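The following exercises are to be worked through with the sequence and the structure at hand. Each task is followed by a solution in steps.

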Amino acid sequence: QVQLVESGGGLVQAGGSLRLSCAASGTFFSINVMGWYRQAPGKERELVATITSGGSTNYADSVKGRFTISRDNAKNTVYLQMDSLKPEDTGVYYCYAEFRYYSRATSWSWGQGTQVTVSS
């Protein structure tokens, strides 16, 4: 079982910045993809950004140019730098990881979520 622990959420004014972190722990061979999703009240969970072990990134159109995802493979940690935050960025942000066990089986895991609130 892989555990993902997020940190860095909070309350910020519009135009401000926050940095989220997510560290993976447990027994696994490798982590292929790490990323962030978010869920606003009354809405479905949506993709924010993902990054592969090789550093390829993918962003939702709504955050391109404002958010930056990065990863430290040695620490099994993914980061999300969020700049120029808008009220519509408010929601619970979930860390996500796709990983491979030593048996070569693959699976995925979610973090518990961290609240991000952007005030206008």
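Are cysteine 22 and cysteine 95 buried or exposed? Both cysteine 22 and cysteine 95 are buried, where buried means under 20% relative accessible area, exposed over 50%, and partly exposed in between (1.4 Å probe, protein chains only).

The structure is a predicted model, in which local features need pLDDT of at least 70 and side-chain atom pairs count only at pLDDT 80 or more, while totals for chains, interfaces and linings use all residues. Residues are numbered from 1 along each chain as its sequence is written, and side-chain values use heavy atoms, with hydrogens and water left out.

**Exercise 1. The disulfide**

Task: Determine which residues form the disulfide and state its handedness.

Solution. 
Step 1. A disulfide is a covalent bond between the sulfur atoms of two cysteines. The criterion applied here is a pair of cysteine sulfur atoms within 2.5 Å.
Step 2. The partners are cysteine 22 and cysteine 95, with sulfur atoms 2.0 Å apart.
Step 3. The torsion about the S-S bond of cysteine 22 and cysteine 95 is about -85 degrees, and therefore the disulfide is left-handed.
Step 4. The pair links distant parts of the chain, since cysteine 22 belongs to strand S3 (residues 18-26) and cysteine 95 to strand S9 (residues 91-100), 73 residues apart. Strands are DSSP runs (E, at least two residues), numbered from the N terminus.

**Exercise 2. An open sheet**

Task: Give the strand order of the open sheet and identify its edges.

Solution. 
Step 1. Two strands pair if DSSP finds at least two bridges between them.
Step 2. The open sheet has 4 strands in the order S1-S3-S8-S7, and the pairing is antiparallel.
Step 3. Strand S1 (2-7) and strand S7 (67-72) are the edge strands, each pairing on one side only.
Step 4. On average, neighbouring strands of this sheet are turned by 15 degrees against each other, direction ignored. For this angle, axes are lines fitted to C-alpha atoms, and angles run from 0 to 180 degrees between N-to-C directions.
Step 5. S7 and strand S8 (residues 77-82) pair in the antiparallel sense over 6 bridges. Threonine 68 has glutamine 81 in S8 as its bridge partner.

**Exercise 3. Aromatic pairs**

Task: Classify the ring pair of phenylalanine 29 and tyrosine 102.

Solution. 
Step 1. Rings of Phe, Tyr and Trp (its six-membered ring) pair if their centres lie within 6.5 Å; planes under 30 degrees apart count as stacked, over 60 as edge-to-face and the rest as tilted.
Step 2. The structure holds 6 aromatic pairs. In one of them, the ring centres of phenylalanine 29 and tyrosine 102 are 5.7 Å apart and the planes stand at 75 degrees, so this pair is edge-to-face.
Step 3. The pair links distant parts of the chain: phenylalanine 29 is in the loop between S3 and strand S4 (30-39), and tyrosine 102 is in the loop between S9 and strand S10 (106-110), 73 residues apart.
Step 4. Phenylalanine 29 is partly exposed, with a relative accessible area of 41%, whereas tyrosine 102 is exposed, with 58%.
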